[in-house]
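Me: I am new to this structure and would like to go through it step by step. Could you look at it with me and answer a few questions?

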Amino acid sequence: MVIGKVVSRVISTRKYDTLQGYKLLVIEPFNGENKEWFVAADTIGAGEGELVLVSFGSAVQHALPQHAPIDAIVVGIVDQEPNIQIKE
Amino acid sequence: MVIGKVVSRVISTRKYDTLQGYKLLVIEPFNGENKEWFVAADTIGAGEGELVLVSFGSAVQHALPQHAPIDAIVVGIVDQEPNIQIKE
Amino acid sequence: MVIGKVVSRVISTRKYDTLQGYKLLVIEPFNGENKEWFVAADTIGAGEGELVLVSFGSAVQHALPQHAPIDAIVVGIVDQEPNIQIKE
Amino acid sequence: MVIGKVVSRVISTRKYDTLQGYKLLVIEPFNGENKEWFVAADTIGAGEGELVLVSFGSAVQHALPQHAPIDAIVVGIVDQEPNIQIKE
Amino acid sequence: MVIGKVVSRVISTRKYDTLQGYKLLVIEPFNGENKEWFVAADTIGAGEGELVLVSFGSAVQHALPQHAPIDAIVVGIVDQEPNIQIKE
């Protein structure tokens, strides 16, 4: 999983029916060097600027009430920035 | 998921039967630094230049009427460029 | 999926039984910057120098007559180089 | 799998029910150049500073008593730093 | 799949029961630029210095007698270095 910050929302009117009802969020990875944002579905109600924990891949289906073509989902809101001192 | 722009189409005459009927699109990632385009199947009817939302991996199968060896699919057309201000 | 060029063949005498009968090809990604070649199974009969479409991950199993520990497979021969003009 | 060092813990109060009971650890990859830390679940009881072996993707589910949206898990504690001399 | 060279062995005393009996190998990717080694399980009996073919992800399970949280496995020993001339 990765920790990321909610940056904005993606609006898509024409999409698969099974994506209806999911908020689609642009997430910026929190871990320093990687600036490649991605899109994750959210059902928890994460707000802009919040730090979230995101799960990827087949694990996502275990967070959905029914299967959908979603490959990234917010699985938690992070209470506070983890204290990380990585080697440089 | 990632947001990308439809760049062109891939024509493949000799291919697996289960790929018949899918448009195969070259997608350029929209998120800045990554210029590694990839190929995704499309059933929504995305046109060149449009911004699309693409799902990868096992989630793709949940968008197909029957299983096929496809690992990336367009799951939505994005209404407008997301407003993204990433840290530099 | 990615488009790649068939570069050479991998010979492996000692291998899993379920890999018997698959040609194993070294594939060089076609999309510019990425020079990290990989190995994909082939049942279509792709020849050296040909451009092929390769699928990865769990989708591969949907191209096999029976399950095997293969994570990349040639799913089509590309008719001609896609016309790609990526932002620089 | 990758070997990583446990750096800290992630606290998330609002999260999926199926994540309850898992320790969520920030893991720093041990293999040199990659500084992109990630989050993995732990049920073994890995402590800060310990070297652990982490598995990703669908394999994670085979380590869980019931399915959960977890895509990385500590599957072992590494006894000592592997002796690695990689080409430069 | 990727081709890699067996560099050393990983010893882990505390680990999931379902990992018992697998040799855990440090593998260095053979394809030039990528120096990020990883860990793969082995049941074929690959020795240090040998070139091996490694499969990742859900495909791994199809090489195991029973499910286990393993995401990379040696599926073959490569007879000789593939003859690769990649564009520079």
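Me: How far apart are the nearest C-alpha atoms of chain B and chain E?
Reply: This is a predicted model, and in it chain B and chain E do not touch. Chain C and chain D do not touch either, with their nearest C-alpha atoms 10 Å apart. For chain B and chain E, the distance between the nearest C-alpha atoms is 10 Å.

Me: What rotation superposes chain A on chain D?
Reply: The superposition has an RMSD of 0.0 Å, and the shift along the axis is 0.0 Å, with a rotation of 72°. That is the relation of a five-fold axis. Of the residues of chain A, S58(A) comes closest to this axis, its C-alpha lying at 5.0 Å. The rotation asked for is 72°.

Me: Which strand gives the largest share of the side of chain A that touches chain D?
Reply: Here 33 residues of chain A are in contact with 32 residues of chain D, and the area buried between these chains is about 2,700 Å². Across this interface the rule finds one salt bridge, in which the side chains of R14(D) and E50(A) meet at 4.0 Å, N to O. On the side of chain A that touches chain D, β4 (51-56) and β5 (72-77) of chain A each supply at least two residues. The largest share, five residues, comes from β5(A).

Me: How many residues does the largest nonpolar core have?
Reply: Among the residues with the most contacts inside this core is I70(C), which is in contact with residues including L19(C), V60(C), M1(E) and A59(E). The number of residues in the largest nonpolar core is 111.

Technical notes: Residues are numbered from 1 along each chain as its sequence is written. Chains are lettered from A and ligands numbered from 1 in the order in which they are written. This is a predicted model: local features need pLDDT of at least 70, side-chain atom pairs count only at pLDDT 80 or more; totals for chains, interfaces and linings use all residues. Side-chain values use heavy atoms; hydrogens and water are left out. Copies are superposed by least squares on the C-alpha atoms of residues with pLDDT of at least 70 in both. A nonpolar core is a set of buried Ala, Val, Leu, Ile, Met, Phe, Trp, Tyr and Cys residues joined through side-chain atoms within 4.5 Å. Buried means under 20% relative accessible area, exposed over 50%, partly exposed in between (1.4 Å probe, protein chains only). Contact means heavy atoms within 4.5 Å. Buried area is the accessible area (1.4 Å probe) that two parts lose on being put together, summed over both. Helices (H or I, at least four residues) and strands (E, at least two) are DSSP runs, numbered from the N terminus. Lists of a residue's contacts leave out its neighbours within four places in sequence.
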